[in-house]
Amino acid sequence: MSAPSRLRLALRDLGAGAAFGSMVVSGQLPVWTVAAFALSLVFALLGWRVFAKRAKATAVLLLGMAGLLGFSVYVGQLDLVVAACSFAGLIAGHRMLSTPEARTDGQVQLAGLLMVAGGAALSGELIFAVFLVAFCVFASLSMGLAVVEAAVPEGEPLPVRSVVRPLSVGLLFAVSGAVAFFILFPRLNWNVAARRASPGLGATTGLSDTVRLGGAGTLKSNPRVVLRAHITPDPGVDQLGSYWVARTYDTFDGQEWTSVGGPKRSRQRVTLRPGGESSLHQRIELLPAYGARTLVALETPTRMGNAVAHTASGNRRTSLMELGGGEVRFVDAGLGYSYEATSLPPEEDASTKMTEAELGQLLALPDRLDPRVAELARTVLDGEKEPLAAARKLSSWLQREYAYTLELQGDVEDPLADFLFVRKAGHCEHFATALTLMLRTQGFSARLASGFFGGERSDEDYILRAGDAHAWTHVLVPDRGFVTVDATPPGNRASQSMAALQLLTGLYETLESHWRSAVVDFSLRDQMDVAQRFIRPPRDSGRSSTRLPPARVWGVALLAGLVTYGTWRFLAARLSAPRPHTATRLVDTVERMLREAGVRPHEGETLEDLTARLVREHHSLAEPLAPVTRRYLEARFGQRPLEAGEAERLLTPLRRYLEARRAPAPSSGAGSQRSAS
Amino acid sequence: MKAKASSSWARLRVLLRPPRTLKVTRTGRTYLVVTFGVGLGALNTGNNLLYLVLGLLLSMVVVSGVLSERCLRHLSVRRLGTESAFAGEPFAYRWAITRKQGHAFALTLAEVDTPLTGEGRVGYLRSGVEHVVRADLTTPQRGPLRLSGVRVTTTWPLGLFAKTRVFELEGILLVYPRRGYACHVPTEALQGAFGDSSTPRRNDGTGDVAGLRELGPTEDARRVHWRKSAAMGKLIKVEREREERRTYQLSVDAGLEDAALERRCEEVAALSHQLLEAGHEVGLETPTERLRPASGHVQERNILRALAWVGFEELREERQKEEAA
């Protein structure tokens with residue numbers, strides 16, 4: 001296979017890779033299909049078409065994989081669309097490793113198209129757009145080269161550069177056309193088979209129903225932004241040291257936390273407790289990276305409502321449902337959500353009413369709690385009777401005596417005992433659990449709360465990252481209600497990812513925010529707004545509609561136009577200038593070398609005449625120059641053009657001559673003379 | 001009459017032909033089906049990304065049309081033709097194509113509205129350079145083939161659509177009869193029996209000994225008489241009289257039609273080839289033409305040309321009038 005064909009195949013395979021990547025970003029494809037395709041892509045790029053001679057056998061293998069995917073769908077492990085997308089990837093991988101021919105090329109491109117469409121259905125990620133463009137570029141180039149390659153006679157080189165240039169321009173126009181179509185085509189929606197797009201790779205799994213101790217805590221290093229909140233009144237600080245509660249837990253069985261209480265009926269607005277005059281209002285947007293349905297609000301939330309779910313097919317209002325532990329969830333599934341919440345400042349939760357069962361649960365201990373826990377708490381508290389003081393005393397002691405770590409491996413039988421007496425290191429859930437249970441062993445009511453800690457200023461809003469996920473303790477103080485006490489060392493409460501990574505992620509999140517608002521959430525209403533803006537441009541109330549821009553704007557515009565025109569003329573002249581004949585370039589080089597050698601042609605003396613003269617004069621340069629001259633004449637006038645690299649070969653003897661001339665004469669050969677005249 | 005009708009029909013077709021024609025390729029059909037599917041999916045789900053993909057797919061169709069149109073502009077085509085075209089076997093055919101400005105890609109050239117099969121291809125056509133395109137064409141029929149134009153097709157840029165432009169270019173391709181085998185050589189010759197006659201004027205044959213002379217510097221050494229040469233001490237050549245070849249007059253009888261006429265033409269073509277190859281002189285008599293016996297490749301070409309016109313005399317007259325006018 002010739003080199004250009006290999007290039008075309010590489011482009012084809014990269015196109016298929018980009019198409020598969022557009023599906024992978026959804027994070028929904030089974031790992032084994034991703035691994036199988038990645039392996040196929042690597043093999044294909046290396047030119048190892050391992051299925052070329054085993055078409056039937058490998059087709060059976062493909063059927064087996066299809067069966068596996070089908071079974072996964074049947075048992076409910078896999079969504080049908082995801083399975084179809086995965087199978088398209090496997091087919092593409094199989095075809096990439098088969099004998100390259102027109103049919104397999106077409107099949108790979110077709111599978112690529114289907115995969116891109118699948119990617120659009122699975123994910124709303126910004127990376128999808130990147131993969132889409134990459135697929136367009138690679139696939140178009142590959143198809144364009146294939147069309148030309150089919151028409152180029154065998155043995156002739158493929159004009160890759162000439163093909164790429166017009167194709168690139170065409171692609172630019174295609175992308176512009178796609179944008180125009182996207183904006184102008186009426187956003188119709190039959191809404192028959194809409195499916196929820198996934199939040200994509202790197203999204204958190206959200207807040208689970210339980211808090212289970214013992215697992216590795218990798219969430220802390222995840223810099224993805226999961227929440228954006230606008231707080232009124234504005235706290236006016238860059239770093240917000242606030243607790244954002246999602247839910248609380250009152251029951252611990254030795255391994256994990258749960259809550260008593262069942263779900264209540266769904267409503268548009270949920271009131272958790274009476275509000276107050278000093279309430280903080282929050283307009284919160286849960287980004288797709290959040291990946292869960294639980295509402296989050298500043299401590300202590302009083303009311304939540306006006307919730308809107310953002311789905312792939314548009315935005316719609318959604319109801320809320322209250323569950324046990326103060327958790328409030330969205331009823332409808334969505335890629336992201338926005339809602340409003342009001343919260344009381346911390347330590348103003350005295351009015352929350354609790355049932356006897358709920359109160360009793362705040363003192364519940366697991367059946368097989370290690371007796372050393374109570375003993376340790378008693379020792380540390382040393383007779384302290386006041387709940388808040390006891391909690392703070394224990395919290396200080398834990399922060400002082402125990403280390404923070406995310407390096408925890410696997411589950412242990414008694415994670416609390418393991419934390420307190422063996423490892424003496426853990427993450428926020430260990431600290432919060434230890435504090436809560438130690439308080440309970442001494443008769444103080446307490447519960448565990450989970451959510452986020454912190455808040456980073458971004459314009460007028462605050463953002464929270466996945467790494468800000470946190471757990472802490474609520475201590476029930478008579479006449480004051482639940483008071484937050486955090487046993488986790490302060491430096492380890494918020495996100496712990498690298499600053500550079502956070503910066504990059506922030507940049508990405510900003511871009512994705514624009515992507516979501518301008519593309520993913522683009523609706524019929526937006527289209528109407530655009531149309532209205534075209535028909536009736538918005539008027540600036542401060543200015544008259546007939547007022548023209550100031551003179552300096554016209555000046556700058558004129559200057560910019562002149563510069564652009566000048567650049568264009570310069571480039572056009574450069575690009576359209578006739579290129580010198582290859583043989584002429586050879587003569588230029590020869591003349592330069594002759595000048596360097598001190599040989600000057602007479603007036604009107606051609607290279608041929610000069611060579612003849614040098615031969616007559618027995619000049620040492622005549623020998624290397626004669627063949628060059630002869631070949632030049634053939635190339636320029638004899639219709640025998642120079643071959644690739646031939647000019648360099650012809651010039652080599654001349655170069656050697658010049659190098660020998662430049663080199664200092666050896667002392668022993670001082671008497672030797674050059675034959676040059 | 002038949003020829004006139006077909007010629008009128010060909011002219012009508014030329015008049016009614018659109019300036020560009022578009023045909024969807026196999027890949028293009030699949031592409032359109034997928035585009036339709038994506039469109040349905042977008043409408044069905046309201047998924048904006050599917051709308052984006054749909055927009056891109058449709059834009060690529062438009063861009064494909066524009067780029068292929070650009071490819072077919074500023075072209076000029078010249079027909080170079082062929083040396084000889086025999087019915088039923090591929091023959092080399094050439095066109096010269098030039099582009100005044102810009103480049104063109106993946107062009108396919110073919111004769112339009114003819115039974116000629118086969119096409120020539122150009123992968124890349126630079127501006128201002130005349131490119132000679134060669135094709136192996138085949139036609140099943142003998143006779144003059146009226147050529148009305150050259151079809152230039154491109155599938156550039158993505159191979160989804162084949163856009164065609166026809167260059168109106170009148171011409172005639174004379175197709176010689178199918179080459180076959182002659183079953184037997186005719187026994188009746190116009191002049192002499194094989195090997196019976198000879199002429200003393202030409203001494204380069206294989207007949208009787210005409211004399212001996214010294215071998216020239218560039219002469220064939222196989223004619224050296226070795227015994228005489230040994231006796232005389234120099235190379236002596238034997239000169240023999242040349243045997244004259246026979247002369248045949250082949251004919252295509254009047255009244256033959258269709259398959260019988262074709263068979264006879266093919267038979268005469270094969271016979272004349274065989275006899276001329278053997279060095280004989282061959283003449284031909286057709287209902288409207290008579291060729292005097294002669295030998296050599298030029299005579300074979302004349303015979304083939306005459307055979308190609310047999311049955312198409314009206315067209316020949318028409319053409320002669322056109323040329324005279």
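**Exercise 1. Work out what joins the side chains of A:Arg8 and A:Glu149, and where the two residues sit.**

Solution. This is a predicted model, so let's start with the atoms.
- Step 1: the N to O distance between the two side chains is 3.3 Å.
- Step 2: the cut-off for a salt bridge is 4 Å between a Lys or Arg side-chain nitrogen and a carboxyl oxygen of Asp or Glu, so the pair qualifies.
- Step 3: A:Arg8 belongs to helix H1 (residues 3-24) of chain A, while A:Glu149 belongs to helix H6 of chain A. They're 141 residues apart, so this pair links distant parts of the chain.
- Step 4: zooming out, a search over all chains turns up 35 salt bridges in the whole structure.

**Exercise 2. Describe the interface of chain A and chain B: how much area is buried, and which polar links cross over?**

Solution. Go from area to pairs to residues.
- Step 1: putting the two chains together buries about 3700 Å², with 77% of that on carbon and sulfur atoms.
- Step 2: count the salt bridges between chain A and chain B, and you get 0.
- Step 3: polar contacts do turn up, in 6 residue pairs across the interface, both partners at pLDDT 80 or more.
- Step 4: on the chain A side, helix H5 (102-122), helix H6 (126-151), helix H7 (160-184) and helix H13 (499-520) each supply at least two residues. H7(A) has the largest share, with 13 residues.
- Step 5: sort that side by class and you find 39 nonpolar, 10 polar and 2 charged residues.
- Step 6: as for head counts, chain A brings 51 residues to the contact and chain B brings 39.

**Exercise 3. Take the sheet with E14, E15 and E16 in chain B: find the strand order, the edges and the helices that pack on it.**

- Step 1: the order is E14-E15-E16 (chain B), an open sheet of 3 strands with mixed pairing.
- Step 2: strand E14 (247-251) and strand E16 (290-294) of chain B pair on one side only, which makes them the edges.
- Step 3: from one strand to the next, the twist averages 15°.
- Step 4: strand E15 (residues 281-285) of chain B runs antiparallel to E16(B), joined by 3 bridges. Across from B:Glu285 you'll see B:Arg290 in E16(B).
- Step 5: helix H5 (residues 258-277) of chain B touches E14, E15 and E16 of chain B, at about 170° to E14(B).
- Step 6: helix H6 (residues 297-309) of chain B lies across E15 and E16 of chain B, at about 160° to E16(B).

How values were computed: Residues are numbered from 1 along each chain as its sequence is written. Chains are lettered from A and ligands numbered from 1 in the order in which they are written. This is a predicted model: local features need pLDDT of at least 70, side-chain atom pairs count only at pLDDT 80 or more; totals for chains, interfaces and linings use all residues. Side-chain values use heavy atoms; hydrogens and water are left out. Contact means heavy atoms within 4.5 Å. Buried area is the accessible area (1.4 Å probe) that two parts lose on being put together, summed over both. A polar contact is a pair of N or O atoms within 3.5 Å; within protein, one must be able to donate a hydrogen and the other to accept it, and residues adjacent in sequence count only if both atoms are side-chain atoms. Helices (H or I, at least four residues) and strands (E, at least two) are DSSP runs, numbered from the N terminus. Ala, Val, Leu, Ile, Met, Phe, Trp, Tyr, Cys and Pro count as nonpolar, Asp, Glu, Lys and Arg as charged, and the others, Gly among them, as polar. Two strands pair if DSSP finds at least two bridges between them. Axes are lines fitted to C-alpha atoms, for helices over the stretch in contact, and angles run from 0 to 180 degrees between N-to-C directions.
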